[in-house]
Amino acid sequence: MIRVVLPPHLRTLAHVRDEVQLEIGSPVTRASILDALEARYPMLRGTIRDHVTLERRPFLRFFACERDLTHESPDTPLPAAVVEGAEPFFVLGAIAGG
Amino acid sequence: MSGVRVLVGTRKGAFILTADGKRERWNVSGPHFAGWEIYHMKGSPADPNRLYASQTSGWFGQVIQRSCDGGKTWETPGGGMTKTADGMPAGESNKFVYDTSPETGKPLTTHQFYDGTQHPWEFKRVWHLEPSLTDPDTVYAGIEDAALFRTSDGGKTWQELAGLRGHGTGPKWQPGAGGMCLHTILLDPTNARRMYVAISAAGAFRSDDGGKTWKPINRGLRSQYIPDPTAEVGHCVHRIALHRSRPGVLFMQKHWDVMRSDDAGDSWHEISGNLPTDFGFVIDVHAHEPETVYVIPIKSDSEHYVPDGKLRVYRSRKGGNEWEALAKGLPQQDCYVNVLRDAMAVDSLDKCGVYFGTSGGQVYMSADAGDSWTPIVRDLPAVLSVEVQTLR
């Protein structure tokens with residue numbers, strides 16, 4: 001089971017209180033996580049990546065296992081700890097004021 | 001029992017203010033969508049409990065929210081666990097994609113950027129939502145970069161009315177300080193095929209075939225900040241208003257100059273008259289007196305606060321040129337707030353109510369057509385929009 005931690009505003013939008021758990025076949029990648037996440041929570045489509053190009057929104061970042069995966073290819077297999085559910089995959093808003 | 005519902009969009013959420021017909025005691029609900037920018041909320045004239053809200057964020061983009069119970073609960077249309085016929089998840093309520101199909105769309109051109117170079121069209125947010133006068137499921141959306149979209153399924157899916165962006169003048173449109181936004185959508189209550197839109201900085205446009213084709217209606221506008229001050233497009237129109245009994249008469253607050261048209265926009269003439277400054281954002285018309293018009297003069301250019309530290313609404317009872325300052329109940333010293341283009345509205349109770357919201361978070365109302373004012377709330381986040389529903 002893949003564990004995904006969303007930023008607070010997206011948890012509110014998706015009506016979830018804690019981390020999200022997703023069943024995903026291998027290989028587990030950022031793209032496959034986001035595909036599964038948007039399929040289960042359609043209201044999140046367009047909020048993490050563009051509807052059409054699937055490009056990451058500029059102010060969002062992805063972390064896992066204390067690593068910044070933001071600039072990895074979306075099709076790069078994620079660390080084993082994420083695949084095994086030992087570590088969550090984080091979607092984070094970039095730190096900025098306002 | 002009559003009443004009013006005031007829909008307030010702010011930089012950090014939405015608020016709903018309600019009162020009975022006396023408009024003396026107010027209930028404040030919110031913040032809804034806390035932390036998000038709410039550019040606009042508006043109710044359906046055909047079903048007052050149907051509300052739509054544009055919720056945006058620099059981090060997470062655009063979300064459309066819908067309420068079917070007057071704002072008590074909200075949903076993202078199509079955002080639930082529904083599926084389309086081919087099994088794909090629905091939920092395209094926030095999907096605004098320019099129409100480039102050869103059948104209905106136009107190839108995406110570029111538009112002018114701030115420095116005069118050409119720049120690609122990019123969706124940023126929904127500035128204004130205008131529900132149909134007759135169908136609660138049909139809503140028009142004015143977006144940045146400027147284009148007009150429509151939903152006919154209650155906000156689940158949106159399609160561009162590409163004849164506007166694609167009619168030919170698009171490459172001459174340019175952004176104003178707030179971006180290149182389509183901020184005004186007016187539906188003619190006597191002619192279902194006629195509608196008006198306004199864009200900063202392109203100008204005003206009219207369709208006489210339900211939004212399929214468009215033409216610029218800017219003759220008479222004069223703008224010193226473009227190379228040809230009387231050009232067909234390029235004018236920074238801030239807001240247009242009309243009275244539903246006389247929809248061919250339009251009032252415009254432009255970036256400098258308050259203007260009037262008596263021929264559905266075919267020609268305009270200036271009515272700034274004795275205003276202390278002819279710059280401002282809002283303009284609106286009294287609910288029962290089509291010649292009574294309201295503006296709030298603002299200092300240009302980048303100051304963007306009221307002149308002399310005094311917050312004053314100006315009212316003309318003669319359709320322009322002769323304006324009186326309305327200050328009773330409004331701060332008359334050390335006040336430096338702005339009032340943005342979508343932040344004024346009127347109710348249609350017997351004595352017309354007038355409402356506006358400020359960048360300082362106050363929402364003021366007058367229950368006597370502007371003669372006196374009182375704050376409903378004083379300390380909201382900066383107000384982006386104010387709409388009023390008269391409930392009967």
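**Reading helices, sheets and a chain contact**

Trainee: Which residues of helix 2 of chain A are buried?

Mentor: A residue counts as buried if 20 or more other C-beta atoms lie within 10 Å of its own, as exposed if 12 or fewer do, and as partly exposed in between, with C-beta atoms placed from the backbone. In helix 2 of chain A, the buried residues are A:Arg30, A:Ile33, A:Leu34 and A:Leu37. Seen down the axis of helix 2 of chain A, these residues fall within an arc of 95 degrees (taken from the directions from the helix axis to the C-beta atoms), so they line one face of the helix. An α-helix has 3.6 residues a turn, so residues three or four places apart point the same way.

This is a predicted model, in which local features need pLDDT of at least 70 and side-chain atom pairs count only at pLDDT 80 or more, while totals for chains, interfaces and linings use all residues. Residues are numbered from 1 along each chain as its sequence is written, and chains are lettered from A and ligands numbered from 1 in the order in which they are written.

Trainee: What covers the buried residues of helix 2 of chain A?

Mentor: Look for contacts (C-beta atoms, placed from the backbone, within 7 Å). The cover includes strand 1 (2-5), strand 2 (20-22), strand 3 (60-64) and strand 5 (89-93) of chain A. Helices (H or I, at least four residues) and strands (E, at least two) are DSSP runs, numbered from the N terminus.

Trainee: How many helices and strands does chain A have?

Mentor: Three helices and five strands, and along the sequence they follow the pattern β-α-β-α-β-β-α-β. The radius of gyration of chain A, taken over C-alpha atoms, is 12 Å, close to the 13 Å that the globule rule gives for 98 residues, so chain A is as compact as a globular protein of that length. That rule is 2.2 Å times the number of residues to the power 0.38. Buried residues make up 27% of the 98 residues in chain A. Of the contacts in chain A with a separation of 6 or more, 57% are between residues 24 or more positions apart.

Trainee: How many residues does each chain give to the contact between A and B?

Mentor: Chain A gives 16 residues and chain B gives 18.

Trainee: Which residues pair between strand 23 and its neighbours in chain B?

Mentor: Three bridges join strand 23 (residues 313-316) to strand 24; B:Arg315 partners B:Glu324, and B:Val313 partners B:Leu326. Three bridges also join strand 22 (residues 293-297) to strand 23, where B:Val293 stands opposite B:Ser316. Both faces of strand 23 are covered: B:Val313 and B:Arg315 are buried on one side, B:Tyr314 and B:Ser316 on the other.

Definitions and conventions
Two strands pair if DSSP finds at least two bridges between them. Two residues are in contact if their C-beta atoms, placed from the backbone, lie within 7 Å.
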